[in-house]
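Work through the exercises below with the model open. Try each task before reading its solution.

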Amino acid sequence: MTLETLLLLAAALFSTGLFGALTQQSVVMLMMGLELMLGGLIVAAAAVWHHIAPAGADGQVLIVLAVTVMAVEMAVGFAVVTALFRAQEIDMTDMAAELKE
């Protein structure tokens, strides 16, 4: 795959995630949109890093670290959403905003 193809893929992932994050009111769908946006950024970073220094493993380690952090963040986010839903049956962002008051 060429750099342009990978950057187009990254832009498509980011755009889909941005659309999902801006249009969805479900907390789970919002989180999925954010994850797609982060996935697009990671694909772009990996593509650029491979284009700049294809022999170095530094970029690959950084990408694996970013994906690991993203997976942990998603697991914690789903645990919080599950706890909120079990405690007060809150699954929409509007209802979750009322928790501040």
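**Exercise 1: Annotated segments**

The UniProt annotation "transmembrane region", from an unreviewed entry, covers residues 30–49 and 61–85. The model used here is predicted.

Task: Find how much of each annotated stretch is helix and how far apart its end C-alpha atoms are.

Solution. 
- Step 1. Take residues 30–49. The chain there is 100% helix and 0% strand. The end C-alpha atoms are 29 Å apart.
- Step 2. Take residues 61–85. This stretch is also 100% helix, with 0% strand. Its end C-alpha atoms lie 36 Å apart.

**Exercise 2: The span of α3**

Task: Compare the reach of helix α3 with the span expected at 1.5 Å a residue.

Solution. 
- Step 1. Helix α3 runs over residues 58–88 and has 31 residues.
- Step 2. The expected span is 1.5 Å times one less than the number of residues. For α3 that gives 45 Å.
- Step 3. From first C-alpha to last, α3 reaches 45 Å, close to the expected value.
- Step 4. Look just past the end.

**Exercise 3: α2 against α3**

Task: Decide how α2 and α3 are oriented to each other, roughly parallel or roughly antiparallel.

Solution. 
- Step 1. The axes of α2 and α3 come within 10 Å and cross at roughly 175°.
- Step 2. Angles over 145 degrees count as roughly antiparallel. The two helices α2 and α3 are therefore roughly antiparallel.
- Step 3. List the contact residues. On α2 they include Met31, Glu35, Leu38, Ile42 and Trp49; on α3 they include Ile63, Met70, Glu73, Met74 and Val81.
- Step 4. Check burial on α3. Its buried residues are Gly59, Ile63, Met70, Met74, Gly77 and Val81. They pack against α2 (27–52).

**Exercise 4: Two residues compared**

Task: Classify Ala21 as buried or exposed, and find what it touches.

Solution. 
- Step 1. Ala21 sits in helix α1.
- Step 2. Its relative accessible area is 15%, so Ala21 is buried, the cut-off being under 20%.
- Step 3. Leaving out residues up to four places away in sequence, Ala21 touches Leu30, Gly33, Leu34 and Met37.
- Step 4. Ala21 and Glu35 are 14 residues apart in sequence and 9.4 Å apart in space, C-alpha to C-alpha.

Solution. 
- Step 1. The side chains of Thr2 and Thr5 are joined by a polar contact of 2.8 Å.
- Step 2. Thr2 and Ala47 are 45 residues apart in sequence, yet 8.7 Å apart in space, C-alpha to C-alpha.

Key
Residues are numbered from 1 along each chain as its sequence is written. This is a predicted model: local features need pLDDT of at least 70, side-chain atom pairs count only at pLDDT 80 or more; totals for chains, interfaces and linings use all residues. Side-chain values use heavy atoms; hydrogens and water are left out. Helices (H or I, at least four residues) and strands (E, at least two) are DSSP runs, numbered from the N terminus. Buried means under 20% relative accessible area, exposed over 50%, partly exposed in between (1.4 Å probe, protein chains only). Contact means heavy atoms within 4.5 Å. UniProt positions are given in the numbering used here, feature names are shortened, and annotations may be inferred rather than shown by experiment. A polar contact is a pair of N or O atoms within 3.5 Å; within protein, one must be able to donate a hydrogen and the other to accept it, and residues adjacent in sequence count only if both atoms are side-chain atoms. Axes are lines fitted to C-alpha atoms, for helices over the stretch in contact, and angles run from 0 to 180 degrees between N-to-C directions. Angles under 35 degrees count as roughly parallel, over 145 as roughly antiparallel, 65 to 115 as roughly perpendicular and the rest as oblique.
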